Amino acid sequence: MSGRILALAGGVGGAKLALGLADVMSPESLTVAVNTADDFEHLGFSISPDLDTVMYTLAGVANPETGWGRQGESWAVMGALGAIGGETWFRLGDKDLATHIERTRRLRAGESLSSVMRDLAARLGVGPAMVPMSDDPVRTMVTTDQGELAFQDWFVRLQCGPAVRSIRFVGADTARPHAALLDFAGVHGVVVCPSNPFVSVAPILALPGVHDALRQTRVPRVAVTPIVGGQAIKGPAAKMLAELGHDVSALGVARFYSGWIDGFVLDAQDATLAADIAALGVRVRTTDTMMRNDADKRRLAAQVLDFVDELAVSGRHS
Ligand code: FO1
């Protein structure tokens, strides 16, 4: 394989494949561009859930039960905060709080988010580059049957309960994308991780010039399904497909990305959808996409990279 891989990722699902890629590639060959539209200000801190999930996962310190937050966490601050009537619906562990304290201090001192995260990730021993999709704030707002809600209000506080009518990314039209999302010189392939298409990948695509750059590049672009057997591997992707009027299947996801992806990695359980996805003009690779352990992550990552190589050699559209 020649050149770098650019992976687009959101939170837990994206971080898992990013870890698989990191394990089978040299660190300088991988750049992970991470959604920041889930970011919010909470308890006075600047919280970047997806960046932290990718950072902790690549550093080997993520909580294996939740996928977010840190392993071996203690909850003294949340416990004490709850006891005095503070807000505890968004659970910040004691170790995790150190990240929010330090990020907030440095952002307030005028440093960019990408600079802060580059340093925090390096200090935790992360090898590959992980970059925020933008240094400028973008915030997902979810219009629901209970009105418009800020993303974490809908996702965590209301447990994704209210039905979704539409989604907007406030600030996306003026935010400057990270350079890695616009300049594909030296890039061998783009991998769309199995993240939520609507709230993890769509915000990245919404940044000025990113969708066009991805559409126009000659580099192979491969998406990995976040839906298996009509269900999301994690999170509300299946519920959102249904509520937003899409087919609740990997085909619905492939349709959402069609027009700019060349390849789609489909789960073997959904093999019957392969012909319909191919009819979209997208090449299909069918495999076991479930990442139950680190060996699964490495195996899937290696298969995705093989698929990228194959598309690069055979020509994307053949
Ligand atoms: N998700 C939850 O479902 N409940 C939480 O209390 C929670 C806390 C939390 C703290 C730090 C962090 O980085 C992530 C956290 N998440 C929590 C996950 C996160 O909000 C979502 O998974 C993502 O935004 C969706 O990708």
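A nonpolar core is a set of buried Ala, Val, Leu, Ile, Met, Phe, Trp, Tyr and Cys residues joined through side-chain atoms within 4.5 Å, where buried means under 20% relative accessible area (1.4 Å probe, protein chains only). The model is predicted, with local features needing pLDDT of at least 70 and side-chain atom pairs counting only at pLDDT 80 or more, while totals for chains, interfaces and linings use all residues. Residues are numbered from 1 along each chain as its sequence is written, and side-chain values use heavy atoms, leaving out hydrogens and water.

**Nonpolar cores**
- The largest core has 53 residues, of which Leu6, Leu8, Leu181 and Phe264 touch the most other members.
- Another core, of 39 residues, lies apart from it and includes Leu30, Met55, Tyr56 and Phe307.

**Strand β9 and its partners**
- In strand β9 (residues 187-192), six of six residues are buried.
- Strand β1 (residues 4-9) runs parallel to β9 and is joined to it by five bridges, pairing requiring at least two DSSP bridges.
- Leu6 stands opposite Val190 in β9.
- Three bridges join β9 to the parallel strand β10 (residues 221-224), with Val192 opposite Ala223.

**Ala163**
- Ala163 is found in the loop between α6 (151-157) and β8 (164-170) and is buried, at 14% relative accessible area.

Methods:
Buried means under 20% relative accessible area, exposed over 50%, partly exposed in between (1.4 Å probe, protein chains only). Helices (H or I, at least four residues) and strands (E, at least two) are DSSP runs, numbered from the N terminus.
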